[in-house]
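Have a look at the sequence and the fold first, then read on.

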Amino acid sequence: MAELDRRSIGSNESPVLRRVGYRVGAAGLRWLDRKALIDLILNHEVPVLKHWSGDWGQPATRQRYVMLYKTLKLYAGRFGGKPEMAHALANWLHDADYVRQSYSVNLQPKASTT
């Protein structure tokens, strides 16, 4: 499992994803490394500045999943339209889909069988 590496995380003023060392694109992290960081963000305490990046909620909650999903989609929409960002865009969309699928498996209320 990924652990926060204090040498690789951004400053206290950096976005959450940067603070845990998450990077996309041609020079970014491979999928398994990004997945490990996504799982870390979803299920463990992470360095979050509520006044700067919104309320990420507690680990393993709907609020945490939604905030991470929205953040990835925001990056894809805001930065993914440039040709040189095609690889990063594909990574953000892939990772957002992983978060959505993880939510469905881990937090979605199960249908009652009664």
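How many salt bridges does the structure hold? There are four of them in this predicted model.

| Pair | N to O distance |
|---|---|
| Arg-30 and Asp-33 | 3.2 Å |
| Arg-34 and Asp-95 | 2.7 Å |
| Asp-97 and Arg-100 | 2.4 Å |

Asp-97 and Arg-100 sit three residues apart in helix H5, so about one helical turn separates them. Asp-97 is partly exposed at 29% relative accessible area, and Arg-100 is also partly exposed, at 41%.

Now for the overall fold. The protein chain has five helices and zero strands. Of its 114 residues, 37% are buried. The accessible surface comes to about 7100 Å², and carbon and sulfur atoms account for 55% of that. Among contacts between residues at least 6 apart in sequence, 51% join residues at least 24 apart.

What about the inside? In soluble globular proteins, nonpolar side chains tend to be buried together. Here the largest nonpolar core has 25 residues, and Tyr-22, Leu-68, Leu-72 and Trp-92 have the most contacts inside it. Helices H1 (16-19), H2, H4 (62-79) and H5 (86-106) each give two or more residues to this core.

Helix H4 has 18 residues and spans 26 Å from its first C-alpha to its last, close to the 26 Å expected. Its buried residues include Leu-68, Leu-72 and Tyr-75. Leaving out residues up to four places away in sequence, Leu-72 touches Leu-17, Tyr-22, Trp-92, Asp-95, Ala-96 and Val-99.

Over in helix H2 (residues 31-43) you'll find Ile-38. Is Ile-38 buried or exposed? Its relative accessibility is 0%, so Ile-38 counts as buried. Beyond its neighbours within four places in sequence, Ile-38 is in contact with Tyr-22, Trp-31, Leu-68, Asp-95, Tyr-98 and Val-99. Ile-38 and Tyr-98 are 60 residues apart in sequence, yet their C-alpha atoms are 8.9 Å apart in space.

Conventions:
Residues numbered from 1 in each chain as written. Predicted model: local features only at pLDDT ≥ 70, side-chain atom pairs only at ≥ 80, totals over all residues. Heavy atoms only, no water. Helix = DSSP H or I, 4+ residues; strand = E, 2+ residues; numbered from the N terminus. Buried < 20%, exposed > 50% of the residue type's maximum accessible area, 1.4 Å probe, protein only. Contact = heavy atoms within 4.5 Å. Areas by Shrake-Rupley, 256 points an atom, 1.4 Å probe, with all protein chains shown as cover. Core = buried A, V, L, I, M, F, W, Y, C linked by side-chain atoms within 4.5 Å. Expected span 1.5 Å × (residues − 1). Salt bridge = Lys/Arg side-chain N within 4 Å of Asp/Glu carboxyl O.
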